Amino acid sequence: MSQLSKRIEDTFPGACTKVVEWRGDVAVTVKREALHDIGKFLRDDPAMRFDYIVHVSSVDWPDDEERFEVVYEIYSIRTRQRIRLKTRVPESDCIVDSLTDIWKGADFMEREVYDMMGIRFRNHPDLRRILMPDEYEEGYPLRKDFPLRGKGWRDTFEFLDEPAQ
Amino acid sequence: MAQFEDQRTTVYKVDPEHPEDATLPTLRTEELLLNMGPQHPSTHGVLKVILELEGERLVKSTPVMGFLHRGVEKLAEEGTYHQFIPHTDRLDYVCAMYNNFAYCRAVEKLMNITVPDRAEYLRTIVAEIQRIIGHQFWLGTQALDIGAMTVFFYCFRDREILLDWFDELCGARLTTSWYRIGGVERDFTPSLFAKLNQFLDYFPPKIDEYVIFLEKNRIWLARTKGVAVISAEDALSFGLSGPTLRGSGVDYDLRKYEPYSAYPKCEFSVPVGKNGDTYDRYWIRVQEIYESVKIIRQCLEQIQDGPIMADVPSVTLPPKERVFTNLESMIQQFKLFSQGFNAPPGEIYCGTEAHKGELGFYIVSTGGGKPYRLKIRAPSFIHMGAFDHMSKGYMIADAVTIFGTYDIVMGECDR
């Protein structure tokens, strides 16, 4: 499986910053400028054909300089291999190129990442909140600095007084 | 007496001598925006879809989700790995066993635990029973949405037998939590084996019964054949999985592609459709019920005596009867539930073929007893991403069929 990461490294010299193989999973961290090109290459390259998008996720590392990590898990139905494509973004400029034009399914998945972690996607056709309400203004719930109980928004709801029985 | 001119029945008189002089009013047409849901019986939960209509044709549909969002992924970061198992029941509350299974498999991959043989067989049997229940539930509700009510009663009659069987197995019918990390909670009793064998003799003719109602039903065929067609290429690009993907002719089943549990030891086939329409997806699900029966039969033949829990005391729970009688086991149980086990730093993704599609868990661990980040790849959520594409150009009544064909459950979709 290491030939997979080697092939990415050969085609895009200097784009891979980290390759990890653990428990049979290959995770390649790439520079975010190269993410879109590498995604396109992985889908179109005849030897790889990563035509299936599994999920898009994000991880928050508050202590790191580049705080957020965007994770794309893709699969090749033809060659039956899996790869995890990751990229890091700093908090001050958290925007990544959207991969919606490569895999259509990335649309909803990226919207979820935006909703939960606040990472924006360039060229995304419809970047809105998806699970939280549109008018939700407390921030992004899956960030590590967001408390589990929320920031008090749900305590502001008015309750109807039940008539005494 | 006042006279009212009825706008709808205004008669425009045309001079027969000079019909070209008449000016007929032109009909005003505009796109209609229709809100479907959140409270609509066919949305299988609380889902709103904004439909843009041109006449009765769907031009664009925008799903609005999140009415059932409970922040399960955030909750996972606050509890230990064991404590998250009951939360997974509430994802896809129709098929809790398979969620438990998928989650336990992911943690086992993280901890590198091998599950003993007997436990693998027990897991496979229960998972396939859950698949049958899921498909029965789907068939019943899908037929009900389309208007065939009898199938619903037949499916639910047989589903009830299996739910009672679950009740005897673990004390719950729907939110079961029977799987454990490293094995299962308890073994089958002889009575459960007997009941299961009895059911396997009783059940296959009943599947034919469901099908009789539908296969020659003209309404069913008209409402499913050629509806919501999606090509294999698009289905892959959207990340569809399970019967929804196989209906388009892609032979992607994780039970075959990445064999796990006792599946590699059983012989079964994966039905694949041709046309990618709602009918093919229905046909696949019915065939899968037959295959599940076959898998359960083979597991029951092959199963041997042995332990039902992996012997890794630092991770797996001690048997319940030892907790009450043995001090060390009680300490082990207490420590596992109060602090959790120490997971190695790293990250894994583990996908499992649930009856709706690929249910995956992506876990990031930084060591310690709690997951640092846990992401659930819910098939219902990803299928909804293709809703606009698949509904375009079909009639408004087909929107109901398309929800059904994904087999969506909003608990899993919104998490």
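Chain B holds 17 helices and eight strands, where helices (H or I, at least four residues) and strands (E, at least two) are DSSP runs numbered from the N terminus. This is a predicted model, in which local features need pLDDT of at least 70 and side-chain atom pairs count only at pLDDT 80 or more, while totals for chains, interfaces and linings use all residues. Residues are numbered from 1 along each chain as its sequence is written, and chains are lettered from A and ligands numbered from 1 in the order in which they are written.

**Chain B as a whole**

- The C-alpha trace of chain B spans about 105 × 50 × 45 Å along its principal axes.
- Of the 415 residues in chain B, 46% are buried; a residue is buried if 20 or more other C-beta atoms lie within 10 Å of its own, exposed if 12 or fewer, and partly exposed in between, with C-beta atoms placed from the backbone.
- Among contacts in chain B between residues at least 6 apart in sequence, 69% join residues at least 24 apart; two residues are in contact if their C-beta atoms, placed from the backbone, lie within 7 Å.

**The three-stranded sheet of chain B**

- Three strands of chain B make an open sheet in the order S1-S2-S3, with antiparallel pairing; two strands pair if DSSP finds at least two bridges between them.
- S1 and S3 of chain B are the edge strands, each with a single partner strand, so one side of each is left without a neighbour in the sheet.
- Neighbouring strands of this sheet are turned by 20° against each other on average, direction ignored, where axes are lines fitted to C-alpha atoms, for helices over the stretch in contact, and angles run from 0 to 180 degrees between N-to-C directions.
- Strand S1 (residues 32-36) of chain B is joined to strand S2 (residues 48-54) of chain B by five bridges, the two running antiparallel, and B:Met36 has B:Val49 as its bridge partner in S2(B).
- S2(B) pairs with strand S3 (residues 57-64) of chain B over seven bridges, again in the antiparallel sense.
- In S3(B), B:Pro63 is the bridge partner of B:Val49, and B:Leu58 is the bridge partner of B:Leu53.
- S2(B) and S3(B) form a hairpin with two residues between them, and B:Gly55 in the turn has a positive phi of about 65°.

**The contact between chains A and B**

- The contact takes 26 residues from chain A and 32 residues from chain B.
- On the side of chain A that touches chain B, the elements giving two or more residues are strand S2 (25-30), strand S3 (52-60) and helix H3 (106-117) of chain A.
- S3(A) gives the most to this side of chain A, with six residues.
- The residues on the side of chain A that touches chain B divide into 15 nonpolar, three polar and eight charged; here Ala, Val, Leu, Ile, Met, Phe, Trp, Tyr, Cys and Pro count as nonpolar, Asp, Glu, Lys and Arg as charged, and the others, Gly among them, as polar.

**Helix H3 of chain A**

- H3(A) is mostly covered, as twelve of its twelve residues are buried, including A:Asp107, A:Glu110, A:Arg111, A:Glu112 and A:Asp115.
- The buried residues of H3(A) pack against S3, strand S4 (68-76) and strand S7 (120-122) of chain A, together with helix H14 (379-384) of chain B.
- The twelve residues of H3(A) should span 16 Å at 1.5 Å a residue, which agrees with the 16 Å between its end C-alpha atoms; the expected span of a helix is 1.5 Å times one less than its number of residues.

**B:Arg105**

- B:Arg105 lies in helix H3 (residues 96-111) of chain B and counts as buried because it has 23 C-beta neighbours inside 10 Å.
- Not counting residues up to four places away in sequence, B:Arg105 touches B:Tyr260, B:Cys350 and B:Thr352.
- B:Arg105 and B:Phe361 are 256 residues apart in sequence, and their C-alpha atoms are 9.0 Å apart in space.

- Most residues other than glycine have a negative phi.
- B:Ala228 has a positive phi near 55° and is not a glycine; B:Ala228 sits in the loop between helix H7 (218-224) and helix H8 (232-237) of chain B, and is buried, with 26 other C-beta atoms within 10 Å.
- B:Arg415, also not a glycine, has a positive phi of about 50°; B:Arg415 is found in the segment after helix H17 (410-414) of chain B, and counts as buried with 25 C-beta neighbours inside 10 Å.
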